[in-house]
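Here are some notes for a colleague who is coming to this structure for the first time.

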Amino acid sequence: MSSKQRVFKYLGIVGNVVFYLLLLMLLLFSISNLTVRTEKDLPNIFGKGFVSILSGSMEGEEKDNFDTGSLVFIDILSDSQKQNLEVGQIIVFYDNVQRIHIIHRIKTITGDTVVTQGDVNARMYGSFDGTNFDPNMQLEASSLDDVIGRYTGHWSGVGSAIQEIRTPNGLVFYVILPLFILFTFEAVILIRYILRRNKEKLELKYALEKEALRLELEKELLEKHSNKNKLLT
């Protein structure tokens, strides 16, 4: 195998890996988005969801704090699981007034009402405990029905990229265009392979025909030589 062939071989392997990773990502996105039936729902796969963080209200030094642009992973909660929520946990809920999803920490639970507060606000104006209300505290009161899921982890910096990919321009630039390039590359590799195989088949066919012609000529020469010897005798 020549150095040029090795380069194309390795490029083909890398292209295949990237190609199938992109296909897997598209498949996961497609499956997760099938679960979104209303604006209240979040994309998820088998109860494991994700949300891109667009604000810095949960920034800090705690292990479960996350910055703007992070991708946060959540467990989608059933009605029975919502009954087991505890103060201190981070949840995602749907705000029916602002019509957005909010992810903050639980401060109090009273009956079916959950009060949450962002960690940045809690550090600035005090952490709400149900008795120390301050007008500057940006508290949210929501019902358990509006709770979507519970925080399980995050991936810093990835949320911004996911959010960009989900836009029409991002989908074209980051997904469709790379897939088109990879499809084109794979097509070139396939065409080169087919041409090479056809060339090898033609060369083999030519060699076999050449060998058959040689054997036929030898046979004719032997017959002529044999007939000549018979005439001489």
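Predicted model: local features only at pLDDT ≥ 70, side-chain atom pairs only at ≥ 80, totals over all residues.

1. A search of the whole structure finds seven salt bridges, and some of the others are taken up below.

2. Another salt bridge joins K40 and D146, whose closest N and O atoms are 3.2 Å apart. This pair links distant parts of the chain, 106 residues apart, since K40 sits in the loop between α1 and β1 while D146 sits in the loop between β7 and β8. K40 is partly exposed, with a relative accessible area of 25%, whereas D146 counts as buried at 11%.

3. In the salt bridge between D75 and K48, the closest N and O atoms are 2.7 Å apart. Because D75 lies in strand β3 (residues 71-76) and K48 in strand β2 (residues 48-52), the pair ties together parts that are 27 residues apart in sequence. D75 is buried, with a relative accessible area of 17%, but K48 is exposed, with 52%.

4. Within helix α5 (residues 168-232), R197 and E200 lie three residues apart, which is about one turn of the helix, and their side chains meet in a salt bridge of 3.5 Å, N to O. Both count as partly exposed, R197 at 37% relative accessibility and E200 at 36%.

5. Turning to the surface, I13, V17, L21 and L24 form a nonpolar patch there, with about 360 Å² of accessible area together. Of these residues, V17 has its place in helix α1 (residues 3-34) and counts as partly exposed, at 47% relative accessibility.

Note on methods. Residues numbered from 1 in each chain as written. Heavy atoms only, no water. Patch = residues over 30% accessible without salt bridge, like charges linked within 9 Å, V, L, I, M, F, W, Y side chains within 5 Å. Areas by Shrake-Rupley, 256 points an atom, 1.4 Å probe, with all protein chains shown as cover. Salt bridge = Lys/Arg side-chain N within 4 Å of Asp/Glu carboxyl O. Helix = DSSP H or I, 4+ residues; strand = E, 2+ residues; numbered from the N terminus. Buried < 20%, exposed > 50% of the residue type's maximum accessible area, 1.4 Å probe, protein only.
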